[in-house]
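Please look over the model shown here.

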Amino acid sequence: MPAQLPIYEIEKAIVDSLSASHRLVLRAPTGSGKSTQVPRMLLRHGILDAGQAVILQPRRLAARLLSARVARELGVELGREVGYQVRFENVTSASTRIKFETEGILLRQMIQDPELHGIQAILFDEFHERHLYGDVTLARALDIQESTRPDLLIVVMSATLDAGALARYLHPCRVLSSEGRTFPVSIEYLSRRAGAGSPPVWDLAADAFARHAEGDVLVFMPGGYEIQRTIEAIRGKSESKGYLLLPLHGELPPRDQDAAVARYEQPKVVVATNVAETSITIDGVRVVIDSGLARIPRYDPNRGINTLLVERISRSSAEQRAGRAGRTAPGKCVRLWSEAEHAERQAQELPEIKRLDLAEVVLTLKAAGVEDLRRFRWLEAPAETALSNAEELLHDLGALESNAITPLGRRMLAFPVHPRYSRMLLAAEEYECVYHACLVAAVTQGRDLLIRKSGKDAESVRADLFGDRGSSDFWILMSAWTYAAKNQFRMDVLRQAGIHGVTARQVGPLLEQFVRIAKQEGLDAEPRAIREEALQKCILIGFSDRVARRMDDATSRCELVHGRRGVLAKESVVRDSALVVAAEVQEVGGRQGEVSTILSLATAIEKEWLRELFPKEVRSELRVEFDTATRRVQAFDELHFRDLTIDSGSVDPPSDAAARVLAEEVLAGRLPIPKWDHGVDQWILRLNLLSEWCPDLQLPPILEADRRHLLEQLC
Ligand code: ADP
Ligand code: MG
């Protein structure tokens with residue numbers, strides 16, 4: 001009964017505030033009705049007569065579930081009055097008044113249409129999560145409201161917000177809070193610290209379930225794998241008899257996601273990622289079991305790689321998770337860590353602007369006319385290194401020149417993908433392989449198409465079907481997808497080959513979308529036979545900062561540009577090439593807590609291509625050194641791409657360079673020289689003393705430089 005939701009107690013205040021101020025901060029606990037009811041209030045009070053309400057969501061899963069819920073409440077078909085749009089999927093129509101969308105969508109819309117025609121209100125939901133696009137879009141929305149659209153309504157909503165700081169940023173604005181209705185939740189910790197030797201987190205969760213099972217239970221786990229293991233572990237407990245066991249995460253098909261939030265006669269256990277923390281309310285939960293973990297995306301500006309590591313959530317997230325047990329009655333939360341460890345946790349998660357790759361957002365802002373990013377209206381400014389790394393990559397890709405967006409950069413924005421992929425798509429025009437480049441982009445946008453740990457059988461099926469050696473891992477992905485499509489994505493066929501069904505089904509629509517955009521951009525995107533080399537070069541153009549050289553033939557260890565190192569992924573089919581470019585460089589945490597840098601989606605390249613495509617960045621250099629083992633001077637003719645040695649061949653050392661190196665060794669005392677004995681040193685010493693004490697003799701002393709010169713001559 002929506003009318004009974006706590007948010008209705010402040011309905012009048014919300015409507016009045018918006019007619020007085022046009023900027024509103026709204027704080028109310030999770031489950032109060034912010035996401036589903038506030039848009040409905042605007043509709044009912046005639047505020048949306050002039051245009052849409054856009055509700056920005058951090059997660060695709062939430063955008064879809066919330067829009068479906070509101071459509072159902074209003075008794076309309078999804079996609080008509082109520083719809084949603086996420087990257088690659090648009091379920092709206094001309095009659096849509098309430099539109100849920102993910103955060104990146106609106107920022108792109110602002111470039112096409114800086115006056116935001118047809119939009120009356122923007123609601124920033126879950127704003128406490130401080131996603132990159134949320135922050136930046138809010139800044140732009142304020143600019144737009146202050147310039148061309150004073151009538152635009154801006155509402156910032158969250159369950160937990162530092163309303164003070166935000167109110168200062170939005171000044172002048174109204175702030176409304178609702179305390180909602182929550183019941184006390186008792187918290188239980190484990191008595192011992194987690195760590196080496198303790199059982200896996202899914203077993204701890206299953207034990208906690210067995211001890212506390214009562215009514216509906218919500219378990220938080222970091223990702224799909226852990227969720228699956230937890231469900232298996234709980235199924236093994238006798239207490240789970242009569243319970244429905246339901247997973248909830250973004251990789252599941254929509255039907256399974258709907259099943260997790262639906263109501264049943266039977267009690268249920270929902271095992272979810274942090275989507276259930278505040279975005280999605282699961283009603284009737286009495287017990288929360290919290291692993292205290294989440295996969296958190298970060299960007300390491302020092303090495304230029306994205307990481308997705310399982311990390312400990314902050315105290316503030318843990319508090320939100322616990323609150324899910326007290327929505328309808330007093331509840332219980334079991335934290336699978338110790339109280340001492342809890343005190344050591346961060347109070348809050350860092351905002352994304354402080355921890356993600358900024359390349360795409362920087363390009364988008366440049367296109368939107370933001371010239372000086374250092375003077376942008378940041379709610380919180382990003383680190384200078386993150387900003388300059390993003391600009392550097394965009395310069396490398398040719399999207400920026402002297403920090404201004406180039407025509408190429410603008411064309412790149414037509415594709416809703418990371419600038420690397422859009423650069424590759426545009427390069428493909430020249431190499432006449434646009435269709436295949438679209439397919440490369442399409443097979444990599446979702447989660448992994450090939451299940452990494454799919455077992456020996458699937459691996460050998462895959463090797464038979466698609467080969468296990470090749471010039472690029474992308475060919476394997478493309479063959480796997482073509483095979484899946486030919487077999488109508490039949491589950492048994494996919495399972496046998498270890499192909500991820502959900503991901504595979506997403507590729508086709510993406511491919512169509514990229515091909516359509518490419519055609520709109522005037523590219524020839526007809527499928528045709530191509531030379532492998534053409535596609536390999538395009539991939540190199542998009543990922544030139546990830547060129548790697550295998551350290552020797554027998555190993556998968558590689559050196560990369562910018563002084564980084566990594567290991568070629570085990571499943572890579574690129575086995576014979578000394579030089580590769582890795583489309584994915586990811587630091588991953590193992591189950592034992594170790595961390596390694598994995599280079600995956602590799603493509604073989606040749607050094608001639610580097611010369612051809614980056615003539616200014618390839619140079620040869622002669623390196624001469626003394627080899628202590630053979631006691632000989634050696635020389636190598638080396639080829640460098642940026643700071644990476646990509647080739648090295650032994651040559652005869654030129655005599656002057658060899659002499660210099662030898663002299664250096666002698667001077668350092670590492671190499672005795674025949675006939676230059678103690679007597680000679682003594683003689684030089686006497687000569688120098690004489691020259692100093694008896695200047696009238698005008699004897700030239702033999703100083704360090706002369707000594708070096710003499711030695712070089714001798715050598
Ligand atoms: P808030 O945004 O304040 O957290 P919501 O508007 O998301 O609150 O949800 C309000 C209430 O509506 C929830 O407590 C829940 O009872 C119900 N609800 C919302 N979405 C769904 C859904 N997909 N299925 C079932 N109930 C839902
Ligand atoms: Mg909400």
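## Helices H16 and H20

H16 and H20 make a right-handed crossing. Right-handed means that the near helix is turned clockwise from the far one by less than a right angle, and left-handed means anticlockwise. The H16 and H20 axes come within 8 Å and cross at roughly 140°. Axes here are lines fitted to C-alpha atoms, for helices over the stretch in contact, and angles run from 0 to 180 degrees between N-to-C directions. H16 and H20 are therefore oblique to each other. Angles under 35 degrees count as roughly parallel, over 145 as roughly antiparallel, 65 to 115 as roughly perpendicular, and the rest as oblique.

H20 covers residues 501-520, which is 20 residues. At 1.5 Å a residue it should span 28 Å, and its end C-alpha atoms are 30 Å apart, which agrees. The expected span is 1.5 Å times one less than the number of residues. Gly522 follows H20 and has a positive phi, near 85°.

## Basis of the model

This is a predicted model: local features need pLDDT of at least 70, side-chain atom pairs count only at pLDDT 80 or more, and totals for chains, interfaces and linings use all residues. Residues are numbered from 1 along each chain as its sequence is written, chains are lettered from A and ligands numbered from 1 in the order in which they are written, and side-chain values use heavy atoms, with hydrogens and water left out. Helices (H or I, at least four residues) and strands (E, at least two) are DSSP runs, numbered from the N terminus.

H5 (residues 132-147) packs on H12 at an angle of about 15°, with the axes 11 Å apart. H5 and H12 are therefore roughly parallel to each other. Their crossing is right-handed.

H7 (residues 201-212) and H8 (residues 224-235) pack at about 40°, with axes 8 Å apart. That makes H7 oblique to H8. This crossing is right-handed too.

## The cavity

The whole structure holds 1 cavity of 30 Å³ or more. A cavity is a set of points on a 1 Å grid, over the protein atoms alone, where a 1.4 Å probe fits but cannot get out; lining residues have an atom within 4 Å of a point. The largest cavity has about 40 Å³ of space. Volume is the space filled by probe spheres set on the points, which are joined across faces, edges and corners.

Its lining includes Arg108, Glu360, Met412 and Ser422. H12 (359-367) and H15 (419-430) each supply at least two lining residues. By class, the lining has 6 nonpolar, 1 polar and 2 charged residues. Nonpolar means Ala, Val, Leu, Ile, Met, Phe, Trp, Tyr, Cys and Pro; charged means Asp, Glu, Lys and Arg; the others, Gly among them, are polar.

## Backbone details

His171 and Pro172 are joined by a cis peptide bond, with omega about 0°. Pro172 sits in the loop between H6 (163-170) and S8 (174-177).

Glu432 is not a glycine, yet its phi is positive, about 55°. Glu432 lies in the loop between H15 and H16 (434-445).

Terms used. 1 Å grid on protein atoms, 1.4 Å probe; cavity = no way out; pocket = protein on both sides within 12 Å on 5 of 7 lines; lining within 4 Å.
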